[in-house]
Amino acid sequence: IKAIALDLGWVVIKENDFSLSETAQILENKFGKINNNDDFYNWATKETNLSKEEIKNIVEEIIENIYELREVDIFEHLPKIKLAIASNHLSAMNKWLDKAKIKDNFDCILISADIGLEKPNKEFYERLILELKEKPEDILFIDDNAENIEGAKQVGLSVLHYDRSKSLTNEILNYLK
């Protein structure tokens, strides 16, 4: 394995118990379900009767407050190989990655809203392979969603179906043994 591609939601990050307003809950429930920025904001403006700017602010506030790293020291324990994020999410996640000061740990960040592709579409994984410049079998793709794991297998990626109840660091290190 020469590279590891990690999903964000429920793999690298988890949600904490931050209390959301009713509007924020409606918006947050669509995270990962509408993965195109324009589609999401068009849906959200109709759903909430708020302006796109107001919704963007709420989305940024949600992301800033509900997400936290699952394992804060994970990068200290992983081998020094290429790392990538492969996530179905809105572009607003980039700000969170900056704020969490973890962006520098990744050689490649693929967020569906940024690239116009989403998992489990074959093209998403092909783009990941292209960005990492490694053979598919040399890339370990880690996700908690079985459908995404299946999509990754279809293009020849090595896969680890992550069980959220386990330590991500340990799961990766055990796989690499």
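Q: What makes the pair formed by the side chain of Asn88 and the backbone nitrogen of Lys119 a polar contact?
A: In this predicted model, a polar atom of the Asn88 side chain lies 2.9 Å from the backbone nitrogen of Lys119. The cut-off for a pair of N or O atoms is 3.5 Å, with one able to donate a hydrogen and the other to accept it. The distance of 2.9 Å is within that cut-off, so the pair counts as a polar contact.

Q: Why is Asn88 called buried?
A: Its relative accessible area is 14%. Buried means under 20%, so Asn88 qualifies.

Q: Where does Asn88 sit, and which residues does Asn88 touch beyond its neighbours within four places in sequence?
A: Asn88 is in the loop between strand 4 (82-87) and helix 5 (93-99). Its contacts are Gly32, Asn35, Ser112, Glu118, Lys119 and Phe124. Contact here means heavy atoms within 4.5 Å.

Q: What makes strand 4 and strand 5 a pair?
A: They share 4 bridges, in the parallel sense. At least two bridges are needed, so the two strands count as paired. Within this pairing, Ser87 stands opposite Ile111 in strand 5. The chain gets from strand 4 to strand 5 through helix 5, and this β-α-β crossover is right-handed.

Q: What makes strand 6 and strand 7 a pair?
A: Again the bridges decide. Strand 6 and strand 7 pair in the parallel sense over 4 bridges, and the threshold is at least two. Phe141 stands opposite Val159 in strand 7. Here the chain crosses from strand 6 to strand 7 by way of helix 8, in a right-handed β-α-β crossover.

Q: How do you know that the buried residues of helix 8 line one face?
A: The buried residues in helix 8 (residues 146-154) are Asn148, Ile149, Gly151 and Ala152. Seen down the helix axis, they fall within an arc of 160°, so they line one face. An α-helix has 3.6 residues a turn, so residues three or four places apart point the same way.

Q: What lies on either side of helix 8?
A: Cover for its buried residues includes helix 7 (122-132), strand 6 (139-143) and strand 7 (158-161). The face turned away from the buried side carries Glu147 and Gln154, both exposed. Exposed means a relative accessible area over 50%.

Q: What puts the buried residues of helix 9 on the same side?
A: Leu168, Thr169, Glu171 and Ile172 are the buried residues of helix 9 (residues 168-176). They cover an arc of only 165° around the axis, which puts them on the same side of the helix. Strand 1 (3-6), helix 4 (74-77), strand 6 and strand 7 are among the elements that cover them.

Q: What is the protein built from, and how much of the protein is buried?
A: The secondary structure comes to 9 helices and 7 strands. Of the 177 residues, 47% count as buried.

Notes: Residues are numbered from 1 along each chain as its sequence is written. This is a predicted model: local features need pLDDT of at least 70, side-chain atom pairs count only at pLDDT 80 or more; totals for chains, interfaces and linings use all residues. Side-chain values use heavy atoms; hydrogens and water are left out. Buried means under 20% relative accessible area, exposed over 50%, partly exposed in between (1.4 Å probe, protein chains only). The arc is that of the directions from the helix axis to the C-beta atoms. A crossover is right-handed if, with the strands pointing away from the viewer, the path from the first strand over the helix to the second runs clockwise.
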